[in-house]
Amino acid sequence: MSTFLRGTAILIIAAFLSECVEFLVNMQLAKELKEEGMGLYMSAMPVVFLIFILASLELPISISKYIAEHKRDTHLSLLKHALRLGLLSTIFFIIMVGVAAAIPSAFSRFPAHTHWLLFALVPIAAFSSIARGYFMGIQQMSKIAISNFLRKFAQLGLLVAIFQLFDSSLETSLLIALGALIGSELIVFLYLFSFFLIQVRVLKTQSHEILSSKQARQKLMAVSVPTVGLRIFQSFVNAVQPFLIQLTLVRSGFTSLAATEHFGMLMGVAMSIGFFPAFIAHSLMVALIPNVSDAFARSDSAKLHALLRQSMWLTMLYGTVSVFVMYMFSGQLASLFFSSPSAAYYLKMLWPCFLFHFFIIPLQAYLIGAGLIKDAFLHSIWANSITFAAVFVFGSMPGLNMEGVILGMNAGAVLQALLHYFTVCKRIGVRTWLVAGKMP
């Protein structure tokens, strides 16, 4: 348990420092790109993230789960197969990016030569994910923490250095911003993969068992495919949500301009502030997956129960403090962006969404570790379907409008957290109030 807590603490500290650097990165981007450039940059981010998700095949999760569950003598063989899979992924998605680049309208909104940056991103994503998954699996969280901080620090350093050297047009500045993002990923890849190669050499000196290609693919893809599906579905939800909320507000009587402004206050101010503490939840997720996978593979009920209690109590502690501070100081926090009573009110109203979201992330790690990824996917589908329906129905009511939208968002977060929690409790044999029972 000390390994879990120590690893979590390291990840949380690094994540907090990374969030601070991320704030400086956004300040630098806003200074150089201005409003129009930032809009184009943020429009490009979903494309970059989608390519990263697809090219990586979510191998960090599947590899870390396998490494934690299985004996060391099978690790080398699995990693060799993972490297081959990474090579195939690289070839396939480079071809896909090339096909997209050949379509005139595909990258028309982005600067010229953006597709070359995406070509570079594909192998970086594919192979850095393998190294990341291995170090997560053997619970060397310090390397994961350093890589997370290094990414943001490198991005900031590249942005400052290049923008200081060159006075560029908007198109060139946008290309520089995207290049700095992918350049930081390259630096992280070099850092992780160099240590990964050292570990592979050590494994080669030890006795090892050979896995067939079929065995390795089944082990990896059984986790990767539903996890990638979950991430793609979430990306789809994030893409649809702005249109749904603005359409709903227009139906309730808002003008198009007013709907856009209120959506901006909701997502750009309230949600940005509310989800800031989620870096702790993501750190918990990274630390939980290998620990839960290992304990579940060994049917170690005591460790599974202890991990759940610790993660839930830690989440309750920082979550309640966070939402209390947001509720009490909503006006001051919202004014850091711009003075708006509406944004402060939305921040207050959204506290259930934030609090239960903090629980969803570590519980999802538990579902992955316990082999219930499909359940996590189905829970996400159900919760987001209910959210969209509630947002549309309640938000369309003239007497509710934004309050109805927020009501729907809160309901979806509560539902997903409860679905995750009761499924985890049933799987590991814990009663609702974290009292030990029997594993099924």
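Which residues do ring pairs link into a cluster?

**View 1. An aromatic cluster in the predicted model.** In this predicted model, the cluster that ring pairs link together is made up of Phe127, Tyr134, Phe135, Phe189, Phe193 and Phe196. Across the protein, the count of aromatic pairs comes to 16.

**View 2. The pair formed by Tyr345 and Tyr346.** The rings of Tyr345 and Tyr346 form an aromatic pair that is tilted, with 6.4 Å from centre to centre and 55 degrees between the planes. Tyr345 counts as partly exposed because its relative accessibility is 36%, whereas Tyr346, with a relative accessible area of 5%, is buried.

**View 3. Helix α5 from end to end.** Helix α5 covers residues 141–165, and at 1.5 Å a residue its 25 residues should span 36 Å, which agrees with the 36 Å that separates its end C-alpha atoms. Among the buried residues of α5 are Met141, Ile144, Leu156, Leu159 and Phe163, and the list also includes Lys143, Arg151 and Lys152.

**View 4. Confidence along the chain.** The pLDDT of the protein averages 87, and 95% of the residues score at least 70. Confidence is lowest in helix α1, residues 2–56, where the mean is 80, and highest in helix α13, residues 351–369, where it reaches 94.

Conventions. Residues numbered from 1 in each chain as written. Predicted model: local features only at pLDDT ≥ 70, side-chain atom pairs only at ≥ 80, totals over all residues. Heavy atoms only, no water. Helix = DSSP H or I, 4+ residues; strand = E, 2+ residues; numbered from the N terminus. Expected span 1.5 Å × (residues − 1). Buried < 20%, exposed > 50% of the residue type's maximum accessible area, 1.4 Å probe, protein only. pLDDT = per-residue confidence, 0-100. Phe/Tyr/Trp six-rings, centres within 6.5 Å; stacked < 30°, edge-to-face > 60°.
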